[in-house]
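The following report describes selected local features of one protein chain. Please consult the sequence and the structure shown below while reading.

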Amino acid sequence: MKALFALALAASSWSCTSPAPESPTGLAASALGSEVQAHLERYDADYQALARASSEAQWLSNTHIVEGDDTNAKRTEAAEEALAAFTGSVENIETARRFLARASELAPLQVRELERILFLAGDNPATIPEIVKARIATETAQTEKLYGFAFTLDGKEVTPNQIDEALGEETNLEQRRAVWEASKEVGKPLRSGLIELRRLRNQSVQALGYHDFFAYMASEYGMTTAGLAANIDGINRELRPLFRELHTWARHELARRYGQPVPDLIPAHWLPNRWGQSWEALVEVPGFDFDAPLSSKGPEWLIHQAERFYTSLGFEPLPASFWEKSALYPLPADAGYKKNTHASAWHIDLDRDVRSLMSVEPNSEWYETTHHELGHIYYYLSYSNPRVPVLLREGANRAYHEAVGSLMGLAASQPRFVAAIGLSAGSAARPDPIQLLLQQALQYVVFIPWSTGTMFHFEQELYADELPSGTARGGDSRILSAGTQPTTQRQDDPMCFEPFLTRDQEGTRRRRVPLARPVHSCRRASTGSISAARQAG
Ligand SMILES: [Zn+2]
């Protein structure tokens, strides 16, 4: 369903985003066409070089985080500023506008590229260099704070993977509350930076006529804020009857499990996910538990199996550089540095240099995640061909990109396929199809009210409405949309803030250079926001 949601968003724009395979020579009859083509080819080459430098710097900022060392931050800021100076340059904006004034004389693909140039400029207009520079510095600092954060529980440092495991397995409610609250502590150091980012992001895009940053991101879908909101609300409304059934089941099941009265809204620390974005861990399907067989395989096997999944569909093996340059496994405790622990897929050079950032452990969740991330990677590789200009190597839109990853993760988790690759749990019994559907619904259906309600409305309120604290109604949205409530009741408490910060940061990375970013940070953190909206996720 996550895929269907994204596909629905993508449907209206797919046809116009699928570039027609035109050759430059076909435009030779027009002097204007030739002039535009030469300009676009120069732009593409410059953009690719700057985007690659920016991605390489971002990659280091996300994979080698050393407390107190600002080397990476400085390099990242410099690379981002160079890219922003190019995409936002007055010359590039004016040239694109001049050519677009004669759009009817140009090929559709050229028009699309010129429009993309203006979209990229909208985020970095050279007319307000100080705002752009401050925004880049704030975004870089937020990333380092977020992913360099040391979570602690009972005075000891714990990893995000350990937090997730505890929320999946712990049965003592007091202990669950402690773990959940520990996971939210990261919000405190990030809060002031996000408020500042809101101001800077809004001011950046307002210079080229967008009302606010939210409207800017909606425009990438070819939609207005109101149009996108109506679309999203419609999806959520249609899904409501099914979601209510799942929510009712979960309320009763969790109350039984913890020996508590049945709540109207589910306390966040009862759920097996830090953000309450998917609840599939509530169901164990007899005959379909492949954690045990996976545990003896080792993490490397999961990624190689994911590659086999794609090669079995006819794709090429991953480039050798994927294996050499990716950061795929948890760091040893004595590494001396940290890395971003959220799964993501990167298109470093907008060509064959594709990488993934994960912390793979041999369990079923990471099994699905590896297939999901490789879905993004194979999508990158598929459109990185001579028929697609560098500037347009981004997929149909962010939601569609996420749909590809989600669909592949779901496909690879079907019982017959899992059994065929030797991951059956040793039981000959066929998994109960109703239980299996319930488990899938708790993952894919539950995600939709979270993304279309909580995340969407929070970001709309944050950027478009500029709510004073950015917190209060975000909490309301979560309650109304996803049927859960924060364990911490104070609406102004920064702990209410953290889930959104996380997603926002991931949106940042994608947004900074929408074509080159690790466009997709997925499973473990962040799908579903508009500013993170390529998925987004
Ligand atoms: Zn994804």
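## A helix, a hairpin and a buried tyrosine

Helix α18 is followed by E466, whose phi is positive, near 50°. The model is predicted, and local features need pLDDT of at least 70, side-chain atom pairs count only at pLDDT 80 or more, and totals for chains, interfaces and linings use all residues. Residues are numbered from 1 along each chain as its sequence is written.

Helices (H or I, at least four residues) and strands (E, at least two) are DSSP runs, numbered from the N terminus. The table lists three of these elements.

| Element | Residues |
|---|---|
| α18 | 433-464 |
| β4 | 344-347 |
| β5 | 354-357 |

With 32 residues, α18 reaches 44 Å from its first C-alpha to its last, close to the 46 Å expected at 1.5 Å a residue; the expected span is 1.5 Å times one less than the number of residues. A kink of about 35° is centred on A441, the bend being the angle between axes fitted to the seven residues ending at a residue and the seven starting there.

Strands β4 and β5 run antiparallel and are joined by four bridges; two strands pair if DSSP finds at least two bridges between them. W346 has R355 of β5 as its bridge partner. Six residues lie between the strands of this hairpin, in which L350 takes a positive phi near 60°.

Y310 lies in helix α13. Y310 is buried because 20 other C-beta atoms lie within 10 Å; the term requires 20 or more such atoms, with C-beta atoms placed from the backbone, whereas exposed means 12 or fewer and partly exposed in between.
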